[in-house]
Amino acid sequence: MITCHCNYITEREIEDVVIGFLREDPWQLVVPNKVYHEMGRRGRCCGCFPSVIDIIIRTTVEFHRHLKGGASEELETVVSKLDELRTRLTAARNKVFVA
Ligand code: FES
């Protein structure tokens, strides 16, 4: 599925880059610009970045669950906080577009 229509980047390509980063360092911070730089691309309209962030979070959580052989309490706490943050950011973003 195409995630970035400006650069024709698929969800799978983003997942592969994120997994590559996490294999180098499982605790590094992965952000959209870092992923795009690795691909030799750059954000143009950046409208895809919220989706890219969701892919990064999902891929990172799955990577760590697989690494640990299952969920740990610390991981679930981090995931819970990320979900809260994502919910707040989505609500704030939707307010901006509605206003
Ligand atoms: S949709 Fe990804 S930069 Fe525009």
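Cys46 sits in the loop between α2 (32-38) and α3; helices here are DSSP runs of H or I with at least four residues, strands are runs of E with at least two, and both are numbered from the N terminus. This is a predicted model, in which local features need pLDDT of at least 70 and side-chain atom pairs count only at pLDDT 80 or more, while totals for chains, interfaces and linings use all residues. Residues are numbered from 1 along each chain as its sequence is written.

Most residues other than glycine have a negative phi. Cys46 has a positive phi, near 65 degrees, and Tyr8 has a positive phi, near 55 degrees. Tyr8 belongs to the loop between β1 (2-4) and β2 (9-10). A residue is buried if 20 or more other C-beta atoms, placed from the backbone, lie within 10 Å of its own, exposed if 12 or fewer, and partly exposed in between.

| Residue | Phi | Other C-beta atoms within 10 Å | Class |
|---|---|---|---|
| Tyr8 | near 55 degrees | 10 within 10 Å | exposed |
| Cys46 | near 65 degrees | 14 within 10 Å | partly exposed |

Helix α1 (residues 11-24) packs with helix α3 (residues 49-68) at an angle of about 50 degrees, their axes 9 Å apart. Axes are lines fitted to C-alpha atoms over the stretch in contact, and angles run from 0 to 180 degrees between N-to-C directions. The two helices, α1 and α3, are therefore oblique to each other; angles under 35 degrees count as roughly parallel, over 145 as roughly antiparallel, 65 to 115 as roughly perpendicular and the rest as oblique. On the α1 side the contact includes Glu11, Ile14 and Val18, and on the α3 side Val52, Ile55 and Phe63, where contact means C-beta atoms, placed from the backbone, within 7 Å.

Key. Two residues are in contact if their C-beta atoms, placed from the backbone, lie within 7 Å.
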